[in-house]
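This report describes selected features of one protein chain. The sequence and the model come first, and the text follows.

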Amino acid sequence: MFEYKSLLVYTLFYMIVSACFVLRTTEFVSNGLTVENLFETVIDKEYHNFILHHIKRTSYSIIVHSSLPLVYLLGTLLVNDNEKAFVSVYFYELIVLALLPICGSLSVVYKWKSNNWANHPLSIILSRYNPVDWTIIAKNISTEYQCLQKLTLAYGTINRTVVTQNWIISIKPYMVYVSKKSESSFLVFSSDIHNSTPDGTPGSIQFINIQVIPIRSRIKWFFVRIRSEDFKTLEEHIGHPIQIADNVKLQRSRTERFIEVFRDQVSQNPIYKGYSSAEVCLKLL
C-alpha cells in the first residue's frame with residue numbers, strides 16, 4: 001500500500017478539491033474559484049447581462065465539470081511513479097473513457113450555441129413568451145434585474161431564487177428556470193427542519209419547497225427552496241398568496257418564537273401584590 005502512497009494522497013486531494021469546486025463551497029466562492037470567475041473574459045457579468053451570463057455560465061460549467069476526470073488522469077503522470085498502478089496499466093483506456101463526457105458536453109454546448117444561443121434551454125423558455133424574438137424578453141429580464149427592488153434568496157452557494165418586477169427565476173448549477181409571476185401559481189408542497197443553521201447560530205431552521213407552475217403551455221414547472229422565515233417576504237414580492245399544502249406546517253420566525261417563549265416565561269413569574277394608594281396613605285398617617 002505504501003508504494004502507492006503518492007497516488008493515494010493525490011487522489012484524495014483531487015477528490016476533495018473537485019467536490020468543493022463543483023459544489024461551490026463558501027471558501028471557493030469567496031476566493032473566486034468558480035467557473036464564471038475563471039472564465040470572466042468570455043462570460044458576461046451577471047449585473048450587465050443577466051440572461052446571457054447564465055446561458056454561458058451553465059454551458060461552461062458543463063464543459064469544465066466534465067473535464068475533471070481527464071485533468072485527474074493527466075495529473076497522475078506527475079505524481080505516480082509506480083508502473084504497476086491501475087492508472088498506469090490502463091492509462092490510455094482511461095483517457096478514452098475520460099474523453100467521452102467531454103465530447104458529449106461539447107456537442108451539447110455546440111448545439112445550444114447555434115443560432116446565437118437560440119437552442120439553449122433558457123432561450124427556449126423565453127421563446128415561449130415571445131416566439132418571434134426571445135432576446136426581447138431576455139433584455140427585459142436583465143433590465144429588471146438591475147433594479148434595486150428585486151428580491152434575491154440564496155440556498156447555500158449553489159441555488160438562488162430571484163424575484164423581479166414581473167419574473168421569478170430559479171438559478172441552479174446547470175439550468176435556470178424562468179416564469180412570469182402573473183402567469184404562475186405557487187404551492188408549498190413539502191418542508192424539512194434542520195437542527196443546525198448554516199451560520200452556526202443555535203436553534204433549528206426550516207426549509208420549504210415551493211412548486212412554481214406556469215400557466216402558459218409548454219413551460220415546465222420547477223421548484224424553489226427557501227427558508228420558512230423568508231416566506232412572507234417572497235409572498236409580498238410575488239404579489240398574490242402562495243398556497244400551502246395541508247401536510248405542511250410553517251415554522252414561525254425567530255422573533256415570533258422569542259415573543260412566545262418570553263410570554264411563557266413572564267406568565268410563570270410570581271405575581272407581585274403591591275399596596276394600593278389608599279393603604280399607603282393610611283400607613284403614612
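**Annotated segments**

The structure is a predicted model. An unreviewed UniProt entry places the feature "transmembrane region" at residues 6–23, 60–78 and 90–110. The model can be set beside two of these ranges. Residues 6–23 are 100% helix and 0% strand, with 26 Å between the C-alpha atoms at the two ends.

**Salt bridges**

Eight salt bridges are found in a search of the whole structure. Three of them are listed here.

| Pair | N to O distance |
|---|---|
| Asp 44 – Lys 56 | 3.1 Å |
| Arg 160 – Glu 46 | 2.5 Å |
| Lys 232 – Glu 235 | 3.9 Å |

The salt bridge of Asp 44 and Lys 56 has an N to O distance of 3.1 Å. Asp 44 sits in the loop between α3 (35–38) and α4, while Lys 56 belongs to helix α4, so the pair ties together parts that are twelve residues apart in sequence. Asp 44 has a relative accessible area of 25% and is therefore partly exposed. Lys 56 is buried, because its relative accessible area of 17% is under the 20% limit.

Arg 160 and Glu 46 meet through their side chains in a salt bridge of 2.5 Å, N to O. Arg 160 is in strand β2 (residues 159–163) and Glu 46 is in the loop between α3 and α4, so this pair ties together parts that are 114 residues apart in sequence. Arg 160, at 23% relative accessibility, counts as partly exposed. Glu 46 is buried, with a relative accessible area of 17%.

The side chains of Lys 232 and Glu 235 also form a salt bridge, at 3.9 Å from N to O. Both residues are in helix α10 (residues 231–238), and because they are three residues apart there, about one helical turn separates them. Lys 232 is exposed at 53% relative accessibility, whereas Glu 235 is buried at 17% relative accessible area.

**His 65**

Which helix holds His 65? His 65 is in helix α4, which spans residues 50–66. With 14% relative accessibility, His 65 counts as buried. Leaving out residues up to four places away in sequence, His 65 touches Phe 21, Val 22, Val 35 and Tyr 174. With Tyr 174 there is also a polar contact between the side chains, at 2.7 Å.

**Ile 124**

Ile 124 lies in helix α8 (residues 121–127). Is Ile 124 buried or partly exposed? Its relative accessible area is 32%, so Ile 124 is partly exposed. Once neighbours within four places in sequence are set aside, Ile 124 is in contact with Ala 118 and Asn 119. Trp 134 is ten residues from Ile 124 in sequence, and the C-alpha atoms of Ile 124 and Trp 134 are 7.9 Å apart in space.

Note on methods:
Residues are numbered from 1 along each chain as its sequence is written. This is a predicted model: local features need pLDDT of at least 70, side-chain atom pairs count only at pLDDT 80 or more; totals for chains, interfaces and linings use all residues. Side-chain values use heavy atoms; hydrogens and water are left out. UniProt positions are given in the numbering used here, feature names are shortened, and annotations may be inferred rather than shown by experiment. Helices (H or I, at least four residues) and strands (E, at least two) are DSSP runs, numbered from the N terminus. Buried means under 20% relative accessible area, exposed over 50%, partly exposed in between (1.4 Å probe, protein chains only). Contact means heavy atoms within 4.5 Å. A polar contact is a pair of N or O atoms within 3.5 Å; within protein, one must be able to donate a hydrogen and the other to accept it, and residues adjacent in sequence count only if both atoms are side-chain atoms. A salt bridge is a side-chain nitrogen of Lys or Arg within 4 Å of a carboxyl oxygen of Asp or Glu.
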